[in-house]
Amino acid sequence: MKLRKIIGWILVFTPLALIEAISILPNAIGMMILIFLLFLGVFTIVRKGLHLIATSTNRTT
């Protein structure tokens with residue numbers, strides 16, 4: 001009898017958990033892509049800034 005109850009609960013909650021995971025997943029992937037693009041943009045700006053600083057120091061010496 002206990003095994004039937006456990007299997008019943010699993011059969012009820014597994015599809016609900018899958019539906020919830022599928023609905024959350026696109027939001028999480030979109031957020032990860034946004035964070036990656038922001039990091040890439042900041043990294044590019046910092047790298048160009050450091051390059052400008054390096055080239056301007058070389059000109060004055």
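Reply: Happy to start: buried residues make up 0% of the 61 residues in the protein, where buried means under 20% relative accessible area, exposed over 50% and partly exposed in between (1.4 Å probe, protein chains only). This is a predicted model, where local features need pLDDT of at least 70, side-chain atom pairs count only at pLDDT 80 or more, and totals for chains, interfaces and linings use all residues. Residues are numbered from 1 along each chain as its sequence is written, and side-chain values use heavy atoms, with hydrogens and water left out.

Me: Thanks! How many helices and strands does the protein have?

Reply: There is one helix and zero strands; these are DSSP runs numbered from the N terminus, with helices being H or I of at least four residues and strands E of at least two.

Me: And how many aromatic pairs are there?

Reply: The structure holds one. Phenylalanine 39 and phenylalanine 43 are stacked, 6.3 Å centre to centre with 20° between the planes. Rings of Phe, Tyr and Trp (its six-membered ring) pair if their centres lie within 6.5 Å, and planes under 30 degrees apart count as stacked, over 60 as edge-to-face and the rest as tilted.

Me: Where do phenylalanine 39 and phenylalanine 43 lie?

Reply: Both sit in helix α1 (residues 2-60), four residues apart, about one turn of the helix.

Me: Why does phenylalanine 39 count as exposed?

Reply: Because its relative accessibility is 55%. Phenylalanine 43, at 44%, counts as partly exposed.

Me: New topic: what about isoleucine 29?

Reply: Isoleucine 29 is in helix α1 too, and is partly exposed because its relative accessible area is 40%.
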